[in-house]
Amino acid sequence: MKTIIAGTDFSSSSQNACRYAALLALKLNCKLTVFNLFQAPVLHSNSGLYGISYLSVKKTSEKQMEEFVSKLVKNFPSLKINAFTTSGAFEEELEVFIARHQVQAVVMGLQTKNRISKFIYGSHGVKLAGKIEAPVIIVPESYKDHRLETLLLAVDNAEKLSNSPLKILETFAKNTQSQVKLLHVRTPDEVLNPRESSFVKINKSQIKVEVMKSKTIENGIKNFCREREADLVAIISKKHSVLYNLFNESTTKRVSFAAHIPVLAIHE
């Protein structure tokens, strides 16, 4: 059975992302797998380093996971939910899991710790985008009205969309029954002029690429989402594309925080 993976450190933001993942799993007719990456802390002493009991930390993580999953089951009784905890290397653990299962997406939470510090759970969400063989969805902490009716695809005017990632998006949109809108944000530093009207074929329908001028890509996306009420921003990126830079940590964060809605990152 196909799977949606959601990461949690049991913070409010990661639990919110897991609830979004549960909604997505129902729409896609998938099972949900929730995972927690724990680390046994190492303390310093005069005699050297010593570690707190690995089994004790693991047991605590498993107990927290059991309690959290039981709450999810109550909220989503018809959904099949699995869980696992691990202390292994994060990216490697996910790569192994993805290789063994039909993973449709990896969902991570985006948390604002305070006015200054903004980060994605363990900083893993943005690091994973484009590096594992599955789309990554980043869910902002403030996004509570979970729904998926309109999907906004941000396109680069200068690049041709490739079939492989576009197929992923088409399948995702079809299975979630989402309306697809296309947007090209024209920034002041853009060299090429966009065509008067461009179209992209999505699920056999020709969809017009709307153009919005803005100082930054993230502000353009934010304004469009506010005016058109999009529920998810999708970004397809490849090397040498302007949008490829959206996979560096700082820009991905800015897009996620600016849009205030989940961001779906698909890498070529």
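How many of the 17 residues of helix 1 are buried? The count is 12 of the 17, so helix 1 is largely enclosed by the rest of the structure. Buried here means under 20% relative accessible area, exposed means over 50%, and partly exposed is in between, with a 1.4 Å probe and protein chains only.

This is a predicted model, in which local features need pLDDT of at least 70 and side-chain atom pairs count only at pLDDT 80 or more, while totals for chains, interfaces and linings use all residues. Residues are numbered from 1 along each chain as its sequence is written, and side-chain values use heavy atoms, with hydrogens and water left out.

**Confidence**

The predictor's confidence in each residue is given as pLDDT, from 0 to 100. For the chain the mean pLDDT is 78, and 72% of its residues reach 70 or more. Confidence in the chain is highest in helix 1, at 92, and lowest in strand 7 (residues 118–120), at a mean of 43. Over residues 114–123 the pLDDT is below 50, although this stretch has 22 contacts in the model beyond near neighbours in sequence. A contact means heavy atoms within 4.5 Å. Where pLDDT is low, the predicted coordinates should not be read in detail.

Helices (H or I, at least four residues) and strands (E, at least two) are DSSP runs, numbered from the N terminus. Helix 1 covers residues 12–28, and its end C-alpha atoms are 24 Å apart, which agrees with the 24 Å that its 17 residues should span at 1.5 Å a residue. The expected span is 1.5 Å times one less than the number of residues. Among the buried residues of helix 1 are Cys 18, Tyr 20, Ala 21, Leu 24 and Leu 28. Just after helix 1, Asn 29 takes a positive phi of about 55 degrees.

Ala 6 belongs to strand 1 (residues 3–7). Ala 6 has a relative accessible area of 0% and is therefore buried. Setting aside neighbours within four places in sequence, the contacts of Ala 6 include Cys 18 and Ala 21, as well as Phe 35 and Val 107. The C-alpha atoms of Ala 6 and Val 136 are separated by 9.8 Å, with the two residues 130 apart along the chain.

**Aromatic pairs**

A search of the whole structure finds 3 aromatic pairs. Rings of Phe, Tyr and Trp (its six-membered ring) pair if their centres lie within 6.5 Å; planes under 30 degrees apart count as stacked, over 60 as edge-to-face and the rest as tilted. Phe 35 and Phe 84 form a stacked pair, with 5.8 Å from centre to centre and 20 degrees between the planes. This pair links distant parts of the chain, since Phe 35 is in strand 2 (residues 31–37) and Phe 84 in strand 5 (residues 81–86), 49 residues apart. Phe 35 counts as buried at 2% relative accessibility, whereas Phe 84 counts as partly exposed at 21%. The rings of Phe 84 and Phe 97 have their centres 5.6 Å apart and their planes at 20 degrees, so this pair is stacked. Phe 97 lies in helix 3 (residues 90–100) and Phe 84 in strand 5, so the pair ties together parts that are 13 residues apart in sequence. Phe 97 is buried, with a relative accessible area of 13%. Phe 35, Phe 84 and Phe 97 form one aromatic cluster.

**Loop residues**

Asp 231 is found in the loop between helix 6 (217–228) and strand 13 (232–237). The side chain of Asp 231 makes a polar contact with the side chain of Arg 147 (3.1 Å). A polar contact is a pair of N or O atoms within 3.5 Å; within protein, one must be able to donate a hydrogen and the other to accept it, and residues adjacent in sequence count only if both atoms are side-chain atoms. Beyond neighbours within four places in sequence, Asp 231 is also in contact with Tyr 143 and Pro 262, among others.

Thr 187 lies in the loop between strand 10 (179–186) and strand 11 (198–202). Its contacts, apart from neighbours within four places, are Ser 214, Lys 215, Thr 216 and Ile 217.

Most residues other than glycine have a negative phi. Gln 177 has a positive phi near 55 degrees, and Lys 204 one of about 70 degrees.

| Residue | Relative accessible area | Class |
|---|---|---|
| Thr 187 | 13% | buried |
| Asp 231 | 3% | buried |
| Gln 177 | 71% | exposed |
| Lys 204 | 79% | exposed |
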